[in-house]
Amino acid sequence: EFHRSVPAAVQVTVRDALNQAMDEELERDERVFLMGEEVAQYDGAYKVSRGLWKKYGDKRVIDTPISEMGFAGIAVGAAMAGLRPICEFMTFNFSMQAIDQVINSAAKTYYMSAGLQPVPIVFRGPNGASAGVAAQHSQCFAAWYAHCPGLKVVSPWNSEDAKGLLKSAIRDDNPVVFLENELMYGVPFEMSEESQSKDFTIPIGKAKIERQGNHVTVVSHSRYVGHCLDAAAVLAKEGIECEVINLRTIRPMDVESIETSVMKTNHLVTVEGGWPQFGVGAEICARIMEGPAFNYLDSPVTRVTGVDIPMPYAKILEDHSVPQIKDIIFSVKKTLNV
Amino acid sequence: SGKMLSNISNVLRACAQKNGAAVVMSARTYADFTTQATFEIKKCDLFKLDEAPATQVVMTRDEGLQYYRTMQTMRRMELKADQLYKQKIIRGFCHLYDGQEACAVGIEAAINLTDHLITAYRAHGYTYTRGGTFNMQIVLLRGGIAKGKGGSMHMYCKNFYGGNGIVGAQVPLGAGVALACKYQENNQLCVCLYGDGAANQGQIFETYNMAALWKLPVIFICENNRYGMGTSVERAAASTDYYKRGEFIPGLRVDGMDVLCVREATRFAADHCRSGKGPILMELQTYRYHGHSMSDPGVSYRTREEIQEVRSKSDPISMLKDRMLSNNMASVEELKEIDVEVRKEIEDAAQFATTDPEPPLEELCNHIFSNNPPVEVRGTNPWSKLKSVS
């Protein structure tokens, strides 16, 4: 038996994974282009688009003035006329300036035109909490966008998620809101050999079981998937085996995967960074109640969420405004009544 | 010329059927009509422009007849829509375009169907000039079988991007279409329309900036009909010189009631765009006879005398008709014949719309996503699981 090397897996940060995805899609399809503030000559406010302007030039990577409503509308118009724009919001907080274009011009048009006018556009950028940026720069928009028919809303956690889902989003003929997380940009993850291929995509609308377990289903998205896995590691030492589900897509949500898991574990905890009212966890609760998994629940669903306040600045306050690992551990134990 | 001969023979037949005293009708052959004439049209007001659209313009008989027929069709279409709305066959919002016909017809006369156009909600005229057949329009307004997901404000066809309900939102969209034209290097342009009310929207100024910065081939056109819903221009705008509000974008103010003025100005603007100079702005001074929408009688914020004055002195169809008759480009009978044909077409279309079945309920959830496998859609209650296909 000859010695064989393990297939090459590499460590890639989420930032580089996003960069690779855009680079590959820009190369693959000349209709794809990127526009937003500082995306070109500055290499991206968070360096996500580093090197792309140098490689592809002014036509494919466009710096815009600070005019979210205007440039989001321009991006949607370009999509209507046959191009495939990636429209970056420096953070999704600024997308509120442009939200009419996302909802009324992008999301609803295919329906209103009864299938005559598709809008193949990706709106991407960092979403949710960062560090010390305070209330106006820390809001999570997953629930707001996921409320609307006609949009797909994607929320990657790790590098493979980021690359595979962004490629799928760009190839999708529909408007996709792609929610990144600034705190994840610099985090390296191992990426499989498969995920290094230029054709690697992850389907939108399918969740992933990150960790198998029998005692409780823990569902999350974005950065908090990592927190859930850390909590699961601690809980495992106490004999509690968590099944951790990474939603990957908020809309359309893969409720079936959650139901299948709950029918096995009989307990459900949701974890998100956003506010509790009308949020992602609230939607999961409602869907579970309406479906076959309800009868398998041994206790009500528990939601772990951000605190219902605008994000404060001081570190100690900020740290206590979002779910910590100990909050997840506490909530799992309460749900299991241990 | 075959059509001309059949027109003549129809005229003769119609005369022969008149009872009473025999009418001596000399057979007017095509040789009797002037094939084209030169007209002196109003000069445009210019902003940051050294050249101007032509003021001596040629119109051929064929062009005149086509403009006449198109404008008359649009006029009768809007009046029919009014009727259908009052009969509750058309529902919701209905914003009528009668009075403004010269704008849509003049613009289309100066661009190609391969160019692009987008407007706001007063869109029936453009839906027609851009190629949406009349039957389709009535069916859409009614919400009939083929489409009907959007209604009056959301009708689309090739290179026509609606029909947009959010005031001003269509302006960045139009610049985006122009960006696609420039990107694809296809020498096409986008005509991007908005009203005097929308002209105060912030996103329009954002769009002016980017269009000028990137030299996008977009013709911004402000259809100034003097009133944004019930608010006159003087009460809404610190500056009512809408053609100047592009600041660094050259502008033209045009008589929007004269189809030839609109055509010449649009030709000038299209040349400007296609030569790579970037955007240009046109203000068309026009007027709507109806209120803002079918819910607005249109007489609480303006006088009936004003409306009547515009009808009698500036009606675009009358103006064209007078020009053609006084230059021997057509006969009274010929134009009447067109009126009769148009009326019939509209009646038939309305009849079609009234009897066309409503959309089947199976259509309810379709067209959420393009090029997508079928998805399940939640109905009004948890047991209602509906299906959506692309």
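**Aromatic rings and a helix crossing**

Over all chains, the count in this predicted model comes to 15 aromatic pairs, with ring centres within 6.5 Å as the criterion. One aromatic pair is formed by B:Phe205 and B:Tyr208, whose centres lie 5.3 Å apart and whose planes stand at 85°. Because planes over 60 degrees apart count as edge-to-face, this pair of B:Phe205 and B:Tyr208 is edge-to-face.

Both residues belong to helix α7 of chain B, where B:Phe205 and B:Tyr208 are three residues apart and therefore separated by about one helical turn. B:Phe205 has a relative accessible area of 30% and is partly exposed, whereas B:Tyr208 is buried, at 2% relative accessibility.

Helix α7 of chain B (residues 202-213) also meets a helix of the other chain named here: its axis comes within 8 Å of the axis of helix α3 of chain A (residues 68-80), and the two cross at roughly 70°. Since angles of 65 to 115 degrees count as roughly perpendicular, α3(A) is therefore roughly perpendicular to α7(B). The crossing in which α3(A) passes α7(B) is right-handed.

On the side of α3(A), the contact involves A:Glu68, A:Met69, A:Gly70, A:Phe71 and A:Ile74; on the side of α7(B), B:Gln203, B:Glu206 and B:Met210 take part. The residues of this contact between α3(A) and α7(B) comprise four nonpolar, two polar and two charged.

A:Phe71 leads back to the aromatic rings, for A:Phe71 belongs to one aromatic cluster together with A:Phe89, A:Phe92, A:Phe123, A:Phe141, A:Trp144 and A:Tyr145.

Technical notes:
Residues numbered from 1 in each chain as written. Chains lettered and ligands numbered in written order. Predicted model: local features only at pLDDT ≥ 70, side-chain atom pairs only at ≥ 80, totals over all residues. Heavy atoms only, no water. Axes fitted to C-alpha atoms, helices over the stretch in contact; angles between N-to-C directions. Helix = DSSP H or I, 4+ residues; strand = E, 2+ residues; numbered from the N terminus. Parallel < 35°, antiparallel > 145°, perpendicular 65-115°, else oblique. Left-handed = near helix turned anticlockwise from the far one by under 90°. Contact = heavy atoms within 4.5 Å. Nonpolar A, V, L, I, M, F, W, Y, C, P; charged D, E, K, R; others polar. Phe/Tyr/Trp six-rings, centres within 6.5 Å; stacked < 30°, edge-to-face > 60°. Buried < 20%, exposed > 50% of the residue type's maximum accessible area, 1.4 Å probe, protein only.
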